[in-house]
Amino acid sequence: MYDQDGSSSMVETNGARVDEMTKEEEELSSFTPKSPISKPYIPDELNDPTVYPEVLAAFEDAQAKYIAKLCRRTALFTSQYRRVDAPSCLFHHEHLHHIREPAKKAVLRAAKSIIRLSSSVDGEPLTNCCGLWIEWDKESKTGTILTTAHLIRSKHPTENHWEGRDEYDIKANVTVHLRDGTTAEGHYLYHQEHYDLAFFKVRVVEPVQLPSFNGSVHCGQDVFRLGRDQSMDLRITHGRVEYWNPASIERYHYMYFLHEHDDCLCDDDGGTVIDLDGKVVGLINNHLSASFVPSSILDNCVDLWRNFGCIPRLHLGMKFDSIRLLDPINVERMWRMHNIEEGLIVEKLENMLLGRCKDHFNQGKKLNAKIDVSIQVFHTDERVRRTINLNVEVSDHGEVIRESTYPITATLGTSAAVQSNQNVAGK
């Protein structure tokens with residue numbers, strides 16, 4: 001390898017290796033091995049405390065030192081006897097024995113990119129989350145972290161995500177807990193409310209381990225959730241991707257993690273969901289249940305942020321369910337009654353909305369502009385298909401869809417209907 005001026009970059013590397021080897025040799029030369037742990041005992045001929053009280057006293061002193069040495073050894077992280085408050089599923093679940101070795105390698109590989117973060121406002125703790133490295137700049141010695149925007153969420157008045165009432169404090173103090181036990185200040189870069197993603201940068205001298213992403217994840221797939229607890233210990237939970245459409249109050253791009261009931265999920269919001277190859281297939285975004293944002297959407301979001309400094313999205317003013325996640329009885333009924341066999345794949349729709357925004361920005365256009373979109377819908381009451389033409393907004397805010405409401409102002413049958421001037425989802 002050669003630099004632009006023709007000099008070899010291997011010279012510096014070899015010099016560094018020589019220095020490292022010299023340091024290791026010095027450490028070895030000054031190392032004094034400790035004596036092995038030996039258990040004290042009293043020989044039979046001296047085992048009479050009335051005749052040899054000084055022997056008994058010496059034995060008790062030696063026995064105390066022996067027990068202290070044992071305790072120090074069992075406290076070492078390499079000891080199999082070290083107690084763990086919450087053993088992982090890969091340690092005590094017999095039904096995972098057939099995948100334990102490859103799963104352990106996958107988990108340990110992916111764990112290198114997972115860190116822990118905490119936030120506070122005016123000295124008052126806000127929350128704790130996990131996150132993962134997505135970039136490291138050698139020149140500036142800074143790393144970029146992707147996590148959930150829950151880290152800086154200051155108000156959460158309702159579980160209905162579509163009402164858009166959550167508040168975020170971008171001036172919150174964020175502390176990054178590094179793997180060596182030190183901490184560093186996290187500096188806010190950007191957050192996106194619809195996908196609940198946040199980006200922070202932090203100064204870190206040593207290179208960080210970046211994760212690998214798998215662009216797809218499917219229902220029924222074996223996966224692991226990874227997070228870190230307050231002590232920075234890794235938390236591992238095995239499960240499968242659930243066959244489940246989001247509830248009406250949740251974002252429709254969510255996917256879900258199904259785990260064993262005896263597994264306790266730690267506070268791993270912002271951590272990762274990985275496959276058996278150790279690749280990231282989702283970012284944990286705990287809402288009502290064990291939800292996560294799938295990796296294909298994450299990939300598009302990160303790409304948009306890197307290129308345009310924001311994550312724009314088309315606001316259609318609609319909610320969706322995926323036909324493929326319905327009960328087969330319902331799917332068959334739709335075919336029988338309406339001749340519909342296939343329909344929406346929500347993940348593909350969401351990536352299409354992001355893709356349209358990417359094209360929009362590549363043309364030099366900006367946020368808050370309007371885009372014409374055509375959607376074909378099937379009206380179940382009339383049993384006809386229609387194409388709807390919409391003029392929708394390009395926005396990086398969370399989409400707001402409120403249910404139509406009307407007040408009861410008189411006796412039954414004489415009420416007036418009033419609709420909100422916000423985006424309204426018809427019943």
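**Entry 1: helix axes**

An axis here is a line fitted to C-alpha atoms, for helices over the stretch in contact. I note that I am working with a predicted model. Two packed helices are described by the angle between their axes and the distance between the axes. I looked up both values for helix α5, residues 295-308, and helix α7, residues 346-362. They pack at an angle of about 15 degrees. Their axes are 10 Å apart. Angles under 35 degrees count as roughly parallel, so α5 is roughly parallel to α7. I also checked the handedness: α5 passes α7 in a left-handed crossing.

**Entry 2: the contact**

Which residues of α5 meet α7? I found Ser296, Ile297, Asn300, Cys301, Asp303, Leu304 and Phe308 on the α5 side. On the α7 side I listed Glu347, Glu350, Asn351, Leu354, Lys358, Phe361 and Asn362. I then sorted this contact by class. It has six nonpolar, four polar and four charged residues.

**Entry 3: the cavity**

How many cavities of 30 Å³ or more does a search of the whole structure find? I noted one. The largest cavity holds about 150 Å³ of space. I counted 17 residues lining the largest cavity. Closest to its centre are Tyr254, Met255, Arg324, Leu325 and Val346. By class, the lining of the largest cavity has eleven nonpolar, three polar and three charged residues.

Definitions and conventions. Residues numbered from 1 in each chain as written. Predicted model: local features only at pLDDT ≥ 70, side-chain atom pairs only at ≥ 80, totals over all residues. Heavy atoms only, no water. Axes fitted to C-alpha atoms, helices over the stretch in contact; angles between N-to-C directions. Helix = DSSP H or I, 4+ residues; strand = E, 2+ residues; numbered from the N terminus. Parallel < 35°, antiparallel > 145°, perpendicular 65-115°, else oblique. Left-handed = near helix turned anticlockwise from the far one by under 90°. Contact = heavy atoms within 4.5 Å. Nonpolar A, V, L, I, M, F, W, Y, C, P; charged D, E, K, R; others polar. 1 Å grid on protein atoms, 1.4 Å probe; cavity = no way out; pocket = protein on both sides within 12 Å on 5 of 7 lines; lining within 4 Å. Points joined across faces, edges and corners; volume = space filled by probe spheres on them.
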